[in-house]
Amino acid sequence: MPNKLDYFWLFFRFSGRISRAAYVLGFLFMLMVVSFPLYQFMRVHPESSAAQLWSLLFGLTFFAFVWAHVAFSVKRLHDFDKPGLLAITLFIPIVSLITFVVLCFYPGTPGPNQFGSQTNAPR
């Protein structure tokens, strides 16, 4: 059973490498987490205090999602033995879709590389 620091590394740190499966599953998990406050916001009356609370929670989870998605993408690029700076392509409208598909399906470098000796582990 992984400890809490492993989860913190997985979602918020930029060092190490992750596999395709971890990237896709992490993205789907983050998508579910960010969707919950949005769903709750849409259920309540727009001018209620509950709507303001769910809106604030959605904003916070959205920014955490963006950070985690960039961290996941940097670690996935490290698995290709590429610099994490290429994660900037996630913010270019059409290129981001292509980058996301490549990160999901293209296999990483087998064996150790300059970013770590194995996948799914901190450096």
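Which residues form one aromatic cluster? Tyr23, Phe27, Phe65 and Phe100 do.

## Ground rules

This is a predicted model, so to speak: local features need pLDDT of at least 70, side-chain atom pairs count only at pLDDT 80 or more, and totals for chains, interfaces and linings use all residues. Numbering runs from 1 along each chain as its sequence is written, and side-chain values use heavy atoms, with hydrogens and water left out.

## Overall fold

The chain has four helices and zero strands, in the order α-α-α-α; helices are DSSP runs of H or I with at least four residues, strands are E runs of at least two, and numbering starts at the N terminus. Its C-alpha atoms fill a box of roughly 55 × 40 × 20 Å along the principal axes. Of the 123 residues, 33% are buried (under 20% relative accessible area; exposed is over 50%, partly exposed in between, 1.4 Å probe, protein chains only).

## Aromatic pairs

There are 11 aromatic pairs in the structure (ring centres within 6.5 Å; planes under 30 degrees apart are stacked, over 60 edge-to-face, the rest tilted; Trp uses its six-membered ring). Tyr23 and Phe100 make a tilted one, 5.9 Å centre to centre with 45 degrees between the planes. That pair links helix α2 (residues 20-43) to helix α4 (residues 93-105), 77 residues apart. Tyr23 is buried at 0% relative accessibility, while Phe100 is partly exposed at 24%.

Phe80 and Tyr106 sit edge-to-face, because their planes are at 75 degrees, with centres 5.4 Å apart. Phe80 is buried at 12%, whereas Tyr106 is exposed at 52%.
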